[in-house]
Amino acid sequence: MDFSSGPQNLNPTIYERTEERTIQASDYDNDVTDEIDRREIFDLIRTINDPEHPLTLEELNVVDLDGITIDNQANTVQVQFRPTIPHCSMATLIGLSIRAKLLYTLPTRYKVGVNIIEGAHIQENQINKQLNDKERVTAALENNHLRAVVNRCIVPQNS
């Protein structure tokens with residue numbers, strides 16, 4: 001990945017942020033069984049920062065609720081994302097950031113899948129293969145420089 005070149009999408013479209021979730025009294029009750037839902041997954045990833053812009057993935061419409069599938073019985077979470085442009089060189093880093101955020105925050109029983117929406121990137125097959133290769137993801141997150149870049153993306157700057 002070449003981090004030295006300037007932004008490829010100099011004037012991205014900015015979308016409105018989703019309203020915050022209303023907290024219910026039952027959310028604080030530890031005796032109530034509460035399965036993880038799509039909105040909770042969305043809330044985890046919506047504030048991830050884009051590596052090229054001072055905007056979140058939600059503000060750039062890279063992630064949305066429709067791209068999230070969760071199966072609590074099978075313990076699987078699937079996220080599909082949409083790069084802002086079909087030749088985005090940061091697509092792998094964005095996908096890695098989504099995957100890292102979910103791996104760091106979800107219970108370990110969940111199997112996480114991250115993919116580019118079909119037809120949204122010219123190299124979607126290669127990137128999807130990288131993002132869902134456990135060994136490649138582990139190696140990437142063991143690289144100090146790459147881990148620092150991912151951490152800058154996943155720590156909310158303006159929540």
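Strand β2 (residues 76–81) runs parallel to β3 and is joined to that strand by six bridges; strands count as paired if DSSP finds at least two bridges between them. Within this pairing, Gln-78 stands opposite Gly-113 in β3. The model is predicted, so local features need pLDDT of at least 70 and side-chain atom pairs pLDDT 80 or more, while totals for chains, interfaces and linings use all residues. Residues are numbered from 1 along each chain as its sequence is written, and side-chain values use heavy atoms, without hydrogens and water.

The sheet is open, with three strands in the order β1-β2-β3 and mixed pairing. Because β1 (68–71) and β3 (111–116) are at the edges with a single partner strand each, one side of each has no neighbour in the sheet. From one strand to the next, the twist averages 10°. Helices (H or I, at least four residues) and strands (E, at least two) are DSSP runs numbered from the N terminus.

Helix α1 (residues 38–45) packs on the sheet, where it touches β1 and β2; contact means heavy atoms within 4.5 Å. Helix α3 (residues 124–131) lies across β2 and β3. The angles are tabulated below; they run from 0 to 180 degrees between N-to-C directions, with axes fitted to C-alpha atoms, for helices over the stretch in contact.

| α1 (residues 38–45) | β1 | about 130° |

A search of the whole structure finds zero disulfides, defined as pairs of cysteine sulfur atoms within 2.5 Å. Cys-88 counts as buried at 6% relative accessibility, and Cys-153 counts as buried at 4%. Buried means under 20% relative accessible area, exposed over 50%, and partly exposed in between (1.4 Å probe, protein chains only).
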